[in-house]
Amino acid sequence: MYKEKLGIPDEHELVSTGSKSEMRKGRDTDIYCYDEKNAEGEVIAKYVVRESMSIYPPQSTTVSYKKYDLSGVEIESGTI
């Protein structure tokens, strides 16, 4: 779903590793966790994608992500 938007190469795979939902401060947020695997099937990065929607009109939606290396250090972030 997010592979192209995250700029992951075609030969790599984006594998879902979990999800959860939060609701606070007028926002409903779905959080998705992914592993990026290279062509050899090795995990090379981890992503956390947050879809956050206001529960009040006009119900705007924000999709953001954070990319982590294998030691858990954030190496990239942004909105998509």
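Below is a tour that starts with the whole chain and then goes to single residues and pairs.

**Before you click**

This is a predicted model, so a few cut-offs apply: local features need pLDDT of at least 70, side-chain atom pairs count only at pLDDT 80 or more, and totals for chains, interfaces and linings use all residues. Residues are numbered from 1 along each chain as its sequence is written, and side-chain values use heavy atoms, with hydrogens and water left out.

**Stop 1: the whole chain**

Switch to cartoon. The C-alpha atoms fill a box of roughly 45 × 25 × 20 Å along the principal axes.

Now try a surface. The chain exposes about 5400 Å², and carbon and sulfur atoms supply 48% of that; the areas come from the Shrake-Rupley method with a 1.4 Å probe, and for residues only the protein chains shown count as cover. Of the 80 residues, 26% count as buried. Buried means under 20% relative accessible area, exposed over 50%, and partly exposed in between (1.4 Å probe, protein chains only).

**Stop 2**

Select Glu22, Arg24 and Arg50, which are linked in a network of salt bridges. A salt bridge here is a side-chain nitrogen of Lys or Arg within 4 Å of a carboxyl oxygen of Asp or Glu, and by that rule the count comes to four.

Start with Arg24 and Glu22, whose side chains meet at 3.5 Å, N to O. Arg24 is exposed, with a relative accessible area of 54%, while Glu22 is partly exposed at 22%. Next, pick Arg50 and Glu22: this salt bridge is also listed at 3.5 Å, N to O. Arg50 counts as partly exposed, at 30% relative accessibility.

**Stop 3: Lys46 and Asp35**

Which residue does Lys46 form a salt bridge with? Select Asp35: the closest N and O atoms are 3.0 Å apart. Lys46 lies in strand β3 and Asp35 in strand β2 (residues 27–37), so the pair ties together parts that are 11 residues apart in sequence. Check the surface again here: Lys46 is partly exposed, with a relative accessible area of 35%, whereas Asp35 is buried at 12%.

**Stop 4: the tyrosines**

Show the aromatic side chains next. Rings of Phe, Tyr and Trp (its six-membered ring) pair if their centres lie within 6.5 Å; planes under 30 degrees apart count as stacked, over 60 as edge-to-face and the rest as tilted. By this rule there are two aromatic pairs.

Tyr2 and Tyr34 are edge-to-face, at 6.2 Å centre to centre with 70° between the planes. Tyr2 sits in the segment before β1 and Tyr34 in strand β2, so this pair ties together parts that are 32 residues apart in sequence. Tyr2 and Tyr34 are both buried.

Tyr47 and Tyr65 make a tilted pair, 6.5 Å centre to centre with 45° between the planes. It links distant parts of the chain: Tyr47 in strand β3 and Tyr65 in strand β4 (residues 61–68), 18 residues apart. Both of these tyrosines, Tyr47 and Tyr65, are buried.

**Stop 5**

Follow the chain from β4 to strand β5 (residues 74–79); the two pair in the antiparallel sense over five bridges. Strands count as paired if DSSP finds at least two bridges between them. Pick Ser64 and you'll find it opposite Thr79 in β5. The hairpin has five residues between its strands, and Gly72 in the turn has a positive phi of about 90°.

**Stop 6**

Go to the Pro57–Pro58 peptide bond: it is cis, with omega about 10°. Pro58 lies in the loop between β3 and β4, and Gln59 is found in the loop between β3 and β4 too. Phi of Gln59 is near 55°, a positive value in a residue other than glycine, and Gln59 is partly exposed, with a relative accessible area of 43%.

Finish at Lys25, in the loop between β1 and β2. Lys25 has a positive phi of about 50° although it is not a glycine, and it is exposed, with a relative accessible area of 83%.

Key
Helices (H or I, at least four residues) and strands (E, at least two) are DSSP runs, numbered from the N terminus.
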